[in-house]
Amino acid sequence: MPGTPSALDFESASPVEQIDTGSPHKLPQPGLALCLSGGGYRAMLFHLGALWRLNELGYLPKLDRVSSVSGGSITAGVLGLKWSRLTFDGDGRSKEFPEEVVTPIRQLAGKTIDLPAIFTGLLLPFQNIGQRVAKSYGKHLFDEATLQDLPDHPRFVINATNVQSGALWRFMKPYMRDYRVGEVKNPTIRLSDAVAASSAFPPFLSPFRLRLSEDAFTPNSGRDLQRPPFTTRVVLSDGGVYDNLGLETAWKRYDTILVSDGGGQMQLEAKPKGDWVRHFMRVFFVIDNQVRALRKRQVIGAYNLRRRLLERGESEDDTGFRLSTRQGAYWGIRSNVKHYGLDDSLDCPYDKTTVLANMATRLARFDGRTQERLINWGYAVCDAAMRKHVENGLSAPSRFPYSCGVG
């Protein structure tokens with residue numbers, strides 16, 4: 001009927017819209033990205049094991065981007081800082097990896113830094129908890145290194161969530177930005193601050209406050225919020241609040257995505273608490289769990305869609321094919337290694353790895369044996385995923401990095 005609103009009219013009036021983030025890459029480009037999830041020290045060590053196996057497989061120098069959040073950003077930050085000290089042989093392997101990357105991360109894993117920061121923040125409210133965590137990272141891992149100490153290639157992207165704008169805040173060597181607030185080129189922010197912002201898990205370690213000069217921003221680089229206080233007092237939280245897999249900055253750019261997921265899982269609660277504080281926390285965990293599940297389905301669905309379209313003879317050059325599919329592999333701390341279907345995978349009983357997956361999401365000390373079990377598990381499941389889904393014919397490992405296995 002004339003004058004009757006169409007479906008498109010209603011769609012145009014909807015508050016949901018396509019967002020132009022300013023990226024020049026409208027289609028994913030050929031390239032390899034690694035995404036490291038959140039999950040505190042548990043994820044940090046799990047990812048370390050995965051990196052160890054990727055190094056042995058010769059895949060570290062093949063990486064074009066490492067995108068990380070939270071606990072994954074600790075591991076990524078160390079790898080990025082030590083990258084210049086890694087020399088890769090003709091097979092893409094670095095013999096320096098254990099000393100330069102494994103050793104400092106394991107040393108941090110022997111320290112508890114979350115509770116001291118929280119207690120100090122409660123007793124001395126003028127001292128921001130996030131800044132206390134950043135000082136610990138500086139002391140144990142990064143010293144006074146800045147984002148400018150990261151390599152040009154691969155590109156390391158440390159992700160935090162901007163609480164003010166609700167968008168992703170990206171820390172990188174060439175710039176840091178929030179598409180709504182704007183861009184700061186060649187930032188000299190300390191690496192410890194970027195990692196602390198990325199791992200500022202709410203409610204106890206969040207927020208991380210970043211003071212900036214409005215003049216530092218590239219003129220007209222923000223979509224709608226390039227003005228104080230958005231540009232001068234940036235309030236950040238854990239990158240996992242927005243994207244627990246660290247997926248977004250890699251997904252939009254490259255066609256091959258490796259995802260290492262050390263994130264936790266919401267526990268069942270037969271009788272949820274009724275008081276508003278604990279009920280709110282339970283609802284928060286439900287939301288977080290659902291967002292993580294949706295991201296995981298996005299990854300696995302794109303892998304599977306690619307396989308099905310190729311089986312049907314679809315062209316890889318088709319725009320729809322490139323937008324909707326990816327190749328690569330996903331491995332998670334809650335994966336069952338038997339599901340990869342390899343006869344020669346390392347022995348990782350599911351009941352043993354589930355114990356590791358259920359460890360608390362904290363920045364709290366792990367004893368040496370627990371560290372080794374988590375590293376071994378990340379190593380083993382990464383190996384299975386890579387050999388199953390990325391490159392057939394890769395040699396199976398003869399043993400774990402540490403003799404204790406995963407049990």
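## Getting to know this predicted model

Lys95 and Glu96 are joined by a salt bridge, with their closest N and O atoms 3.4 Å apart. A salt bridge here is a side-chain nitrogen of Lys or Arg within 4 Å of a carboxyl oxygen of Asp or Glu. Lys95 is exposed at 70% relative accessibility, whereas Glu96 is buried at 17%. Buried means under 20% relative accessible area, exposed over 50%, and partly exposed in between (1.4 Å probe, protein chains only).

The model is predicted, so local features need pLDDT of at least 70 and side-chain atom pairs count only at pLDDT 80 or more, while totals for chains, interfaces and linings use all residues. Residues are numbered from 1 along each chain as its sequence is written, and side-chain values use heavy atoms, with hydrogens and water left out.

### Salt bridges

The structure holds 20 salt bridges. Three of them are set out here.

| Pair | N to O distance |
|---|---|
| Lys95 and Glu96 | 3.4 Å |
| Asp243 and Arg295 | 3.5 Å |
| Glu311 and Arg307 | 3.6 Å |

Take Asp243 and Arg295, whose side chains meet in a salt bridge. Asp243 sits in the loop between β8 (233–238) and α8 (248–251) and Arg295 in helix α9, so this pair ties together parts that are 52 residues apart in sequence. Both Asp243 and Arg295 are buried. The helix and strand names come from DSSP runs, numbered from the N terminus: helices are H or I runs of at least four residues, and strands are E runs of at least two.

Glu311 and Arg307 both belong to helix α9, where they are four residues apart, about one turn of the helix. An α-helix has 3.6 residues a turn, so residues three or four places apart point the same way. Glu311 is exposed, with a relative accessible area of 59%, and Arg307 is partly exposed at 42%. Elsewhere, salt bridges that share partners link Arg53, Glu56, Asp344, Asp383 and Arg387 into one network.

### The buried interior

The largest nonpolar core has 94 residues, and those with the most contacts inside it are Tyr137, Trp169, Phe171, Leu210, Trp331 and Trp377. Such a core is a set of buried Ala, Val, Leu, Ile, Met, Phe, Trp, Tyr and Cys residues joined through side-chain atoms within 4.5 Å. Helix α12 (residues 368–389) gives the largest share of this core, 10 residues. A second, separate core has 13 residues, including Trp251, Tyr254, Ile257 and Ala302.

Helix α7 (residues 191–198) is mostly covered, with eight of its eight residues buried. A search of the whole structure finds zero disulfides, a disulfide being a pair of cysteine sulfur atoms within 2.5 Å.

Of its 18 lining residues, Ile300, Tyr303, Asn304, Tyr340 and His389 are the closest to its centre. On a 1 Å grid over the protein atoms alone, a pocket is an open set of points where a 1.4 Å probe fits, with protein on both sides within 12 Å along at least five of seven lines; lining residues have an atom within 4 Å of a point.

The lining divides into six nonpolar, seven polar and five charged residues. Ala, Val, Leu, Ile, Met, Phe, Trp, Tyr, Cys and Pro count as nonpolar, Asp, Glu, Lys and Arg as charged, and the others, Gly among them, as polar.

### Backbone details

Val69 is in strand β2 (residues 65–69) and is buried at 1%. Val69 and Asn244 are 175 residues apart in sequence, yet 6.6 Å apart in space, C-alpha to C-alpha. Ser70, in the loop between β2 and α3 (71–82), has a phi near 50°, a positive value in a residue other than glycine. Ser70 is buried at 6% relative accessibility.

Asp143 also has a phi near 50°, and it is exposed at 56%. Asp143 lies in the loop between α6 and β3, and so does Pro154, in the loop between α6 (129–142) and β3 (155–162). The peptide bond from His153 to Pro154 is cis, with omega near 0°. A cis peptide bond also joins Pro228 and Pro229.
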